[in-house]
Amino acid sequence: MSGKQRGSDGLEVGRPKRAAAGVTGVAVSMRRSLEQMGVGRSARTLLKLNQADGFDCMSCAWPDPDPEHRHTAEFCENGAKAVAEEATKARATPEFFALHSLEELDAQSEHWLGQQGRITHPMVKRPGGTHYEAIEWDDAFRLVADTLNTLDSPDEAVFYTSGRTSNEAAFAYQLFVRAYGTNNLPDCSNMCHESTGTALAESIGIGKGSVNLRDIYDAELIVIAGQNPGTNHPRMLTALETAKRRGAKIIAVNPLREAGLVNFRNPQRPRGVVGRGTDLADLHLPIRINGDLAFFQALGHLLVEWDAIDEDFVAEHANGFDAWRDHVRALDWDFVCETTGLTREQITEAAAMVRDSNATIYCWAMGLTQHHNAVATIQEIANVALARGDIGKRGAGLCPVRGHSNVQGDRTMGIWERMPPWFLDALRDEFGFDPPREHGLDTVDSIRALRDGRAKVFFALGGNFVHAAPDTGVTAAALRSAELTVQVSTKLNRSHLTCGDTALILPTLGRTETDVQAGGEQFVSVEDSMSAVHASRGPLEPASEHLRSEVAIVTALAEATLGDRHGLDWAGMRADYGQIRAHISRVVRGCETYPANVDRPGGFVLPHPPRDSRTFPTDSGKAEFAVSTVEALQVPEGHLLLQTLRSHDQFNTTIYGLSDRYRGIEGGRQVVFVNADDLVALGIADGATVDLVSHWDGVDRAVHGFRVVSYDTPRGSAAAYYPETNPLVPLDSTAAGSNTPTSKSVVIRLVPA
Ligand SMILES: Nc1nc2c(c(=O)[nH]1)N[C@H]1C(S)=C(S)[C@@H](COP(=O)(O)OP(=O)(O)OC[C@H]3O[C@@H](n4cnc5c(=O)[nH]c(N)nc54)[C@H](O)[C@@H]3O)O[C@H]1N2
Ligand SMILES: Nc1nc2c(c(=O)[nH]1)N[C@H]1C(S)=C(S)[C@@H](COP(=O)(O)OP(=O)(O)OC[C@H]3O[C@@H](n4cnc5c(=O)[nH]c(N)nc54)[C@H](O)[C@@H]3O)O[C@H]1N2
Ligand SMILES: [Mo]
């Protein structure tokens, strides 16, 4: 094909695409499914995906339509890839581990590790050992329990959670950890939407979004900032398409012109597969990285100037409007244009669209949450929404789009190092022990504690901590210094190889598999990004007879560690997950009807006071305007601001393949996207090979051998893939207020290799 450059490394750079999905999307998902699962398994799993009697897709937290509006194939290309990845027929058996030492495995790529298939047996690496070897489940539990029980303090153990864990497993896990005696419950959310939770809790009194799917269909305007739905939430495009057909306008605020935001060919409609598709964004604002706080403040400024404020709403429901108004009035346009890279006309056009809309929804994801000023930026969005009365109104609201399929549910269930006193009181009243009150360690602080020897045990319920966390070198050394690391996992990943003196892999059932316990076949439940809770049942035989469910693992570990301390009925919870749901209904606010409602087709929606009744559970009982000062990020001459993002062919640290189709990248991932004028100014040729070097607090961090790709991105704003670039993200560079690593604003320079 013309315009493609192929390098000796197999990497091919072509032109970025203008439209998402369509026939290629269908073909890719079918090919991957058939390769990994074969014909029968593909049909059995994909037809149950996101159906009321089936299982919840583990690829993202975008909600499902009402049961009567679901398609037979209610999934997307990337959901199908996620299923194929889990339901693969490949197996990593004890024989496999006997053949390959840790050192050999560690020399392989994350992609290769994932391709070895599902782990079939519990495995242990002993101190000084070179290989993992099989271990009996009871011996594994005893090993963990004995180590936990000999620590000087429960606070020397850290219990991480990734966001796939079901509500039942999450509730049992946090119960175990608190009964053991610590609040050290870091999770992937600390690196993800923590800034959202912090910002919204202060602004509207609850850290969750305020819209449902019907609001999306009814919106007049949808602003999508810092999110790439075509890749990361593809089913959102179907909802956006519906909104467009009903007259909505869309503004995309993104340094990149992401394919899914430009045009969408809906693979669930015959015309969408072959036709020209729906143009989605009416306005694309190619904002400079980290320009969003200034941008939303400028929107506020214009809305104030135009008297386009919902004064009744503000008077009745909000505090602090006058201070905010005075602050945004004093806007410095030159500074705003410099910081956003946008013209005053572009910003005015967007503001006029907001002014002319009676119902606006604001969507965002990692492009906003992973910056130093992330909390302030999200509060500025809330300010604009409050000023327009766009909360608790049909077709309007705040829509943070979550990542992992149950990351929101895990939080609701108590996976948080800082759960509020009411939750801990309710745990005490339900279970008769007093949980620890002191806040625990979040992700960044856990790494520091391991690094400094204050933590000695690292336990992970899912995830791939070493590659998800920032500052890979520091995090890897921290994990290696642990006495014991334990990973509850479905598949092999880097964190199994970057382990403590003793290391365990406890293999678990995935969402696609049936879960039979002493009390019969069980189901689990999850909460999506719009607070809808529903049941999930896997259709497939487990990948190995030795697998245990996450609930079974957590409850058995609790028995081994706690004995009959506190007299908790772990065996009962394991036999019948309904017992856990009964506890949830008495402990978690809003879950009173959980056991009765969760298994209804479509489930039920948790209460959200701002959405439901315009009541704001803040200390003052009103929504709060926040005043934030914009400080431009200092990027020294000759440096660029790097965002680390996802390709179209990965799920976080799980690399499905080497095709970032929409951005025109095939066959490799070691690329850095840079503006053409920046390349000229830096004297670096398109296609050159460079090292990326980040500089923080006197320390240089580097990754090597990246191909430069000239790309349509604002000047000064570069992009490269996560997790290959995580070594560049400094552990101590975090968002103010949420402590989220600043993975979207890393100051780097390009050094010709
Ligand atoms: N297939 C697939 N689905 C996924 C995932 C996956 O890896 N693969 N991951 C899941 C998870 S855990 C999450 S959290 C979500 C992540 O979903 P996204 O947030 O969409 O993920 P990223 O790839 O990090 O993309 C960030 C987007 O923000 C833009 N951006 C970067 N910096 C800025 C900025 O300063 N301002 C603005 N306005 N935009 C900016 C980038 O150009 C990019 O389009 O997806 C979930 N779904
Ligand atoms: N530089 C940079 N870093 C980032 C980000 C970024 O944008 N840039 N994004 C951050 C974000 S948003 C997130 S959410 C984190 C993600 O951090 P994590 O959630 O820790 O990482 P994942 O890659 O999603 O975890 C994948 C592993 O989970 C295991 N797994 C899969 N399914 C299951 C299951 O059903 N049960 C169990 N027990 N295990 C399972 C498999 O072994 C697999 O290898 O990364 C963060 N890190
Ligand atoms: Mo995430």
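Around ligand 1 in this predicted model there are 33 residues, of which Asn254, Glu258, Asn290, Asp292 and Asn652 come nearest, a residue being near if one of its heavy atoms lies within 4 Å of the molecule. By class, this shell divides into twelve nonpolar, 17 polar and four charged residues, where Ala, Val, Leu, Ile, Met, Phe, Trp, Tyr, Cys and Pro count as nonpolar, Asp, Glu, Lys and Arg as charged, and the others, Gly among them, as polar.

Among the polar contacts (pairs of N or O atoms within 3.5 Å), a polar side-chain atom of asparagine 78 lies 3.2 Å from a nitrogen atom of the ligand 1 molecule, while histidine 371 places a polar side-chain atom 3.1 Å from an oxygen atom of ligand 1.

Elsewhere, six strands form an open sheet of mixed pairing in the order β7-β6-β19-β18-β17-β8, with strands being DSSP runs of E of at least two residues, numbered from the N terminus, and paired if DSSP finds at least two bridges between them. Because β7 (133–134) and β8 (157–161) stand at the edges, each with a single partner strand, one side of each is left without a neighbour in the sheet. Strand β6 (residues 123–125) pairs with β7 in the antiparallel sense over two bridges, and methionine 123 has alanine 134 of β7 as its bridge partner.

Residues are numbered from 1 along each chain as its sequence is written, and chains are lettered from A and ligands numbered from 1 in the order in which they are written. Local features need pLDDT of at least 70, side-chain atom pairs count only at pLDDT 80 or more, and totals for chains, interfaces and linings use all residues, while side-chain values use heavy atoms, with hydrogens and water left out.

Definitions and conventions:
A polar contact is a pair of N or O atoms within 3.5 Å; within protein, one must be able to donate a hydrogen and the other to accept it, and residues adjacent in sequence count only if both atoms are side-chain atoms. Helices (H or I, at least four residues) and strands (E, at least two) are DSSP runs, numbered from the N terminus.
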